[in-house]
Amino acid sequence: MRNLFMISTLRRGLLVLLAALPLMANAAGSAHELVQDTTSRMLADLKANKEQYKQDPTKFYDSLNTIVGPVVDAEGISRSIMTVKYSRKATPAQMQTFQENFKKGLFQFYGNALLEYNNQGITVDPAKDESGDRTSVGMTVKGSNGAIYPVQYTLEKVSGEWKLRNVIINGINIGKLFRDQFADAMQRNGNDLDKTINGWAGEVAKAKEASEKQTPEKQAQ
């Protein structure tokens, strides 16, 4: 229940969810440039194709996968979500399946919210030290309700390229949220790893539906 409330908080921002997705193209040299340049490119694409995407969201999911998928550290994030407790028991085939299911669920969950973006406003914070292999990039986004949300990306260099490892939105750690979801699912599934992996997209979809049902009530408070 706590996880669903946290996800509902994310959904209420709508624009905040933009921050988790249009992050990278790996054309820019620095993590900071990556965030700035690709956010602008994604907004332009969304503006140009929004009506088409609304009629056929799968095209938007495909666009997100093309732009974001290759530069998200899917392997690192997947292992983090599973934690060592479960990832060390997973076969390479299971890990690959979970990586794909993780990205699919993520793009569907956040893609739907991105379609509600109406150019409310985004400000990227000044660049931080990027001399090492790990850095963070901050962003402030204005939600459709006028609220201001801080966003922080964690990026790491993988084979010399910056890749996304985590996002913290309005104080909510997405990596931890998904770790908790995975642990809960494993408990419900009797520690059946295949069942949890194969049902991951469904877990995210159910969380989205539950959060959407809560949103009107929470906004009315």
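Author: Ala, Val, Leu, Ile, Met, Phe, Trp, Tyr, Cys and Pro count here as nonpolar, Asp, Glu, Lys and Arg as charged, and the others, Gly among them, as polar. The model is predicted: local features need pLDDT of at least 70 and side-chain atom pairs count only at pLDDT 80 or more, while totals for chains, interfaces and linings use all residues. Residues are numbered from 1 along each chain as its sequence is written, and side-chain values use heavy atoms, with hydrogens and water left out.

A cavity is a set of points, on a 1 Å grid over the protein atoms alone, where a 1.4 Å probe fits but cannot get out; its lining residues have an atom within 4 Å of a point. Grid points are joined across faces, edges and corners, and a volume is the space filled by probe spheres set on the points. The count comes to one cavity of 30 Å³ or more, and the largest cavity holds about 140 Å³ of space. It is lined by 13 residues, of which Phe-102, Leu-106, Leu-164, Val-167 and Ile-174 are the closest to its centre. Two or more lining residues come from each of α5 (92–114), β4 (161–169) and α6 (174–188); helices (H or I, at least four residues) and strands (E, at least two) are DSSP runs, numbered from the N terminus. The largest share, four residues, belongs to β4. By class, the lining divides into 10 nonpolar residues, two polar and one charged.

At its start, a side-chain oxygen of Asn-173 comes to within 3.0 Å of the backbone nitrogen of Gly-175. Buried residues (under 20% relative accessible area, 1.4 Å probe, protein chains only) in α6 include Ile-174, Leu-177, Phe-178, Phe-182, Ala-185 and Met-186.

Thr-196, in helix α7 (residues 193–198), is also buried, with a relative accessible area of 1%. Leaving aside residues up to four places away in sequence, Thr-196 touches Phe-182, Ala-185, Met-186 and Asn-189, contact meaning heavy atoms within 4.5 Å.

After α6 comes Gly-190, with a positive phi near 65°. Asn-191, in the loop between α6 and α7, also has a positive phi, near 60°, although not a glycine.

Terms used:
1 Å grid on protein atoms, 1.4 Å probe; cavity = no way out; pocket = protein on both sides within 12 Å on 5 of 7 lines; lining within 4 Å. Buried < 20%, exposed > 50% of the residue type's maximum accessible area, 1.4 Å probe, protein only. Polar contact = N/O pair within 3.5 Å; in protein donor to acceptor, adjacent residues only side chain to side chain.
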